[in-house]
Amino acid sequence: MQVFLPFLALFIVVVVLCNIKIVPQAHEYVIEFLGKYKKTWSAGLHVKIPLFEKISKKVTLKEQVLDSPPQPVITKDNVTMQIDTVIYYAIYDSKLFAYGAVSPISALANLAATTLRNLVGELELDGTLTSRDTINAKMTTILDEATDKWGIKVNRVELKNIIPPKEIQNAMEKQMKAERERRETMLQAEGHKAAAITRAEGDKQAMILAAEGERDARIARAEGESRAIYLQKKAEADGLEALKKANVDAAVLELKKYESLIAMSNGKAAKIIVPTDTVNMVKNNVMFAETTGLGDNTSPAPDAPPPAKKPDPCCDDKE
């Protein structure tokens, strides 16, 4: 009996060591007692009762990725496309995950496929290609609500590839090429239009500047002529004012007027109409001057010297 004691002790130690479990970080173990759920082990050191308790399921709490293979999906306008999805999920309840479904991950993949078919079946081809964000958001909401009872939290769903049929791809490439050619033509036309507008604006500005320069030149010439006329008239007015201050009679003023009329001809053939009263005044002045001698600037001739006295031979010798 004493021979088996060491073996019994060794057996007990081995059994105890085999039933000591360490749960890693971000993991949980589901424990059953006699086939019934007992508790969930979190991260740390735990001891299992041999023969009565067992680890039913080991669950990781990290976020996981489910990459579904491409599957055929028919759009509203009867176009069959190959679409594959990527699902980002995490397990938040180990008990629900262990007992909620037989194969929760497979159920999630099938649910994602059917949901994708339903959503894409309501859209046409162009809407499917341009509504990735809408489809992603709707799938995330639907899958998250459906997997709550499985202890799964769906964080995000993404459409990875949308592959239309070969004929559709060729048509889309032709359409894209035509659209690019149209844009190129429009850009060239807009460039020519902008260049023409720029040239027209430049010509317009040049004409405006030329017109402004001509206007300024005319204004300057007009101001110069106005200034010259003003100075001339001022000089004439000053001359008349000087004559007036010198008490010149009316006859001289009329002569000045006559001289001004003659100056108007400027030495050229011109007809000068002299008023009758001016002519009569000039005639009267000339006659008056000839009669009275006024206004005659010619100096009188000097008097003739007396004749020389001839010598008298009689008287002069006697003397």
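Student: Which residue of β3 stands opposite V30?
Tutor: T40 stands opposite V30. This is a predicted model, where local features need pLDDT of at least 70, side-chain atom pairs count only at pLDDT 80 or more, and totals for chains, interfaces and linings use all residues. Residues are numbered from 1 along each chain as its sequence is written, and side-chain values use heavy atoms, with hydrogens and water left out.

Student: How many bridges join β2 to β3?
Tutor: Strands of a sheet pair through backbone hydrogen bonds, either parallel or antiparallel. Here β2 (residues 27-33) runs antiparallel to β3, with 5 bridges between them. Strands are DSSP E runs of at least two residues and helices are H or I runs of at least four, numbered from the N terminus; pairing takes at least two DSSP bridges.

Student: In what order do the strands lie in the open sheet?
Tutor: The order of the 3 strands is β3-β2-β5, with antiparallel pairing. β3 (36-41) and β5 (53-60) each have a single partner strand, so one side of each lacks a neighbour in the sheet.

Student: Which elements supply the nonpolar patch?
Tutor: α1 (4-18), β1 (20-23) and β4 (44-47) each give at least two residues, and α1 has the largest share, 7 residues. The patch covers about 1100 Å², and its members include L5, F11, I22 and V47.

Student: Why does L5 count as partly exposed?
Tutor: L5, in helix α1, counts as partly exposed because its relative accessibility is 46%, where buried means under 20% and exposed over 50%.

Definitions and conventions:
Patches are made of residues with over 30% relative accessible area and no salt bridge: like charges are joined within 9 Å, nonpolar side chains (Val, Leu, Ile, Met, Phe, Trp, Tyr) within 5 Å. Accessible areas come from the Shrake-Rupley method with a 1.4 Å probe; for residues, only the protein chains shown count as cover. A salt bridge is a side-chain nitrogen of Lys or Arg within 4 Å of a carboxyl oxygen of Asp or Glu. Buried means under 20% relative accessible area, exposed over 50%, partly exposed in between (1.4 Å probe, protein chains only).
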